[in-house]
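Here is a short note to read beside the model. Keep the viewer open and check each point as you go.

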Amino acid sequence: MEKLEHPLWIVQAVNAAFGPLVRGMLRALGRTPASGDVIPDYLVMAALIVLFWTVVSLIVRRQLSVDNPGKLQISIEDAIGALQSMLRDYVGHKGPRYLAIVTTMFVFILSGNLMGLVPGLKSPTSSINVTLGCALTVAVYYHIQGVKEQGLFHYLKHFAAPPGAPIFLAPIMLPIEIISHIARPVSLSMRLLGNMFADHKVTFVFFSLVPLIVPVPFLILGVLVAIVQTLVFCLLAMVYINGAVAQDDHGDDHAHEGHH
């Protein structure tokens, strides 16, 4: 498998341009740079995603119009509307306030998943460093939102005595809840990593052996896997956010529904 892979030109170009600077910074921090490319491929690919969407956002922003929206603007608004609807379904009527984190994860992960299907590029979501970084971002975010929504005391109280559980079970529930919350980013990152790594390896092998016609079904399957895994990651993120912020929202939700 290692013989089938080859260095990416864009990674080599980035290391040629910025590698000496990064090595100097590492030495100044007292660390000895590793041999080879000091800037790993997954960082280069992640930076390309950020750069690409930054440029696209700047271009689209100039074309935004309330009276005469273009096809691209309509498509973006429909996508955002779909995510807002999902947030309302999974988090409640306050769900759209968490649109920024879910949209960011959706765009970054989907772009990273699809990059592995483009010749000359590599999927950053095939690296545990990227998938774990995304999962930890979600974990830290929903804990912060839970504290903001409920207050530190009430949020921590749910770890020892979740809703409906008697307080005398706290010694049992507390370690279970802690282990559960630690396992969440691990499962999120490993699920995404395993699916994308396996999918891109299979596609790459078939492209290397039979570059015409035969790999096409695997490319189509790869696109579907990329979309599904992105949706799974974002849906689980919504579920975790709901678990952190929705305890005090149940009464509000019922009251909100009663007005309709």
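Predicted model: local features only at pLDDT ≥ 70, side-chain atom pairs only at ≥ 80, totals over all residues.

How many residues does α5 have, and how far does α5 reach from its first C-alpha to its last?

1. Residues are numbered from 1 along each chain as its sequence is written, and side-chain values use heavy atoms, with hydrogens and water left out. α5 has 23 residues and reaches 32 Å, close to the 33 Å expected at 1.5 Å a residue. (The expected span is 1.5 Å times one less than the number of residues. Helices are DSSP runs of H or I, at least four residues, numbered from the N terminus.) G151 follows α5, with a positive phi near 90 degrees.

2. **T131.** T131 sits in α5, which covers residues 128-150. T131 counts as buried because its relative accessibility is 0%. (Buried means under 20% relative accessible area, with a 1.4 Å probe and protein chains only.) A polar atom of the T131 side chain lies 3.3 Å from the backbone oxygen of S189. Not counting residues up to four places away in sequence, T131 touches T125, S189, L192 and L193. (Touching, or contact, means heavy atoms within 4.5 Å.)

3. **The core.** The largest nonpolar core has 42 residues. (Such a core is a set of buried Ala, Val, Leu, Ile, Met, Phe, Trp, Tyr and Cys residues joined through side-chain atoms within 4.5 Å.) M105, Y142 and F233 touch the most other members. Elements giving two or more residues include α5 and α7 (170-209). α8 gives the most, ten residues.

4. **F233.** Leaving aside neighbours within four places in sequence, F233 contacts residues including C134, A135 and V138. C134, A135 and V138 are among the buried residues of α5.

Note on methods. Buried < 20%, exposed > 50% of the residue type's maximum accessible area, 1.4 Å probe, protein only. Polar contact = N/O pair within 3.5 Å; in protein donor to acceptor, adjacent residues only side chain to side chain.
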